Amino acid sequence: MTLVPFDDRDGLIWWDGAMVAWRDAKLHVLSHGLHYASAVFEGERAYGGHIFKLRAHTERLIGSGRLLGFEIPWTAEQIDAACNQVLAANGLTDAYIRPIAWRGAEQLSVSAQKTKIHLAIATWPWPNLFGADRMAGVRLGMAEWRRPHPQTAPTASKAAGLYMIGTLSKHTAEAAGFQDALMLDWRGQVAEATGANIFFVIDGDIHTPTPDCFLDGITRRTVMGIARRHQMNVIERAIQPEEMVRASEVFLAGTAAEVTPVRQIGELSFTPGRITETLLADYEALVRLSPAEVARIAA
Ligand code: PMP
């Protein structure tokens with residue numbers, strides 16, 4: 001597959017309240033967001049013209065900015081409308097949506113009190129993160145980098161800077177032939193993949209790490225809701241890496257990854273099974289419902 005660079009595409013990008021031509025959506029090189037990672041973003045997906053759990057994503061975006069000490073100068077209603085507007089303006093119904101907020105170029109030093117906060121929203125077609133053959137399960141290598149302590153970084157924020165260790169980990173995993181990396185946290189407990197949360201089926205129950213130093217993903221919470229509606233037992237707890245050998249099934253959950261079976265973690269092998277298939281099918285059905293139906297089911 002040829003890779004079309006992101007600055008060499010056509011379309012429209014919503015930027016600070018205006019719709020700009022994709023090719024003109026350029027940023028000054030002395031932007032604070034670039035130098036000091038003062039940027040937060042979201043990853044959303046639209047299915048059949050509806051952005052799944054849009055308000056939850058928008059609220060997380062606003063909250064991520066607050067965790068980095070800034071206020072996005074738009075209300076949740078305005079941001080939701082802008083996401084829908086950019087999707088329609090690009091003639092897309094099934095797509096990935098990427099809002100990003102960052103500090104501007106007014107001041108370039110660690111102190112950034114005088115910077116303006118910008119918001120841009122782009123959208124493009126993006127099939128599943130792991131591609132069409134993901135049903136057989138993806139292979140994860142163990143990352144050397146660890147998710148930091150919440151007093152070391154604002155770990156509840158979807159902040160650009162937190163992806164530094166994600167990219168490093170993913171590159172090492174890919175170089176070793178894996179598709180992604182599984183990260184432990186600062187304590188050595190199982191945390192998450194580089195862009196998705198992780199679940200283990202152990203003795204028929206569903207176990208997932210407590211999200212105390214990584215994102216409590218919107219997909220994660222959605223999948224937990226689906227599992228509980230199936231009367232499955234869902235347990236959030238600290239999971240040690242030695243316990244992974246007991247899992248009969250493993251899967252990832254995230255907006256870009258959706259529900260993706262895992263067939264290998266380091267030396268351990270797993271076979272995607274009935275529980276993963278059930279949750280995957282239900283997730284795929286749920287995301288295609290109207291927002292009103294989604295809200296009714298979740299209530
Ligand atoms: N962890 C990380 C590091 C991620 O980038 C994502 C994707 N946003 C997730 C977890 C899953 O979050 P969500 O289900 O809200 O997309």
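Biologist: How many cavities of 30 Å³ or more does the structure hold?

Modeller: This is a predicted model, in which local features need pLDDT of at least 70 and side-chain atom pairs count only at pLDDT 80 or more, while totals for chains, interfaces and linings use all residues. Residues are numbered from 1 along each chain as its sequence is written, and side-chain values use heavy atoms, with hydrogens and water left out.

The structure holds 1 cavity of 30 Å³ or more. On a 1 Å grid over the protein atoms alone, a cavity is a set of points where a 1.4 Å probe fits but cannot get out, whereas a pocket is an open set with protein on both sides within 12 Å along at least five of seven lines; lining residues have an atom within 4 Å of a point. Volume is the space filled by probe spheres set on the points, which are joined across faces, edges and corners.

The volume of the largest cavity is about 40 Å³. Its lining consists of R45, Y47, F52, H57, I218, T219, T255 and Y283. Two elements, β4 (44-47) and α5 (218-229), each give two or more residues to this lining; helices (H or I, at least four residues) and strands (E, at least two) are DSSP runs numbered from the N terminus. Domain 1 (12-124) and domain 2 (134-298) each supply at least three lining residues, with bounds from an automatic or database domain assignment.

I218, T219 and T255 of this lining are also among the residues that come nearest the ligand, together with Y163 and E192, out of 14 around it; such residues have a heavy atom within 4 Å of the molecule. A backbone N or O atom of I218 lies 2.7 Å from a ligand oxygen atom, a polar contact being a pair of N or O atoms within 3.5 Å.

How values were computed:
Polar contact = N/O pair within 3.5 Å; in protein donor to acceptor, adjacent residues only side chain to side chain.
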